Amino acid sequence: MILSLILKAVENIPLIEKGDDIAEIIFKNAPDIADKDIIVIASTIVSKSLGLTFLESDIIPGAEAERIAAANGKDPRFVQAILDESIEVFTETPFMLVRNKNGHVCINAGIDASNVGGDFLLTLPEKPDRYAAAIGKAIEEKSGKKISVIITDTNGRAFKEGQTNVAVGLYNIKPIRQWIGEKDLYGKVLEISEEAVVDEIAGAANLIMGEGGDGVPAVIVSGLNLYTDEPVSVTEMYREKEKDLILRGLLELKEK
């Protein structure tokens, strides 16, 4: 069986402002979208369309933010913004590693100043699966095609330098491909193999998206047979804290 993976930038996407229709903009600039294609969308434009921007100067820090800021050298207003978007803090210094309101573990709760404009900061959308579904259904209705959607954000990784794109919201694609029960080249039954396909796709798409001013915020991925109409959620990927040795270790260090 011959497989090919094709990634195409959705070009001519304008600077997104609050109230912009992401589905309409992508559909208008991707006329050749096909059945079972995957549309990878940067969370930045979803958040901007929802108006999730704020000014750091408008934040009033509390005592906890002041304490953490004194330890890590950050502005206490920025620290307070992180705390406001978090449900759990794993490290406070030299950076804040937290679980944000969506259950996603990341630096600074995903708050970003890149590609926002002015002195504004941007938060990740709450319940990103819901927005992935809303955008996906709207594009399906306009195009008459069955598609999948992955909303992404850039993340650092344990044990390695550099960042990559990861999935933070999904529609019509399962986050994990199960190989358990399949056989390897030698006929041995696989017992623990699980492939994080949506993160792999997000990382591949980021090669096209880029991070700077000349980047594109949406990419169409063709050639993968991963479409599903079953209910899906990115939270299926999130490891339970009790099973995560790294997070447990960080919490134990924090308590000492």
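**Ground rules.** I number residues from 1 along each chain as its sequence is written, and side-chain values use heavy atoms, with hydrogens and water left out. For this predicted model, local features need pLDDT of at least 70, side-chain atom pairs count only at pLDDT 80 or more, and totals for chains, interfaces and linings use all residues.

**Ile208.** I placed Ile208 in helix 6, residues 197-209. Helices (H or I, at least four residues) and strands (E, at least two) are DSSP runs, numbered from the N terminus. The scale is buried under 20% relative accessible area, exposed over 50%, partly exposed in between, with a 1.4 Å probe and protein chains only. I then checked contacts, meaning heavy atoms within 4.5 Å. Leaving out residues up to four places away in sequence, Ile208 touches Leu7, Ala9, Val216 and Val219. Lys8 is 200 residues apart from Ile208 along the chain, yet their C-alpha atoms are separated by 7.6 Å.

**Pro94.** I found a cis peptide bond from Thr93 to Pro94, omega near 5°. Pro94 sits in the loop between strand 4 (86-91) and strand 5 (97-100).

**Lys127.** Lys127 is not a glycine, but its phi is positive, about 50°. I located Lys127 in the loop between strand 7 (120-122) and helix 5 (128-143). Lys127 is exposed, with a relative accessible area of 54%.

**Phe159.** Phe159 also is a residue other than glycine with a positive phi, near 75°. Its loop runs between strand 8 (148-157) and strand 9 (160-171). I noted Phe159 as exposed, at 78% relative accessible area.
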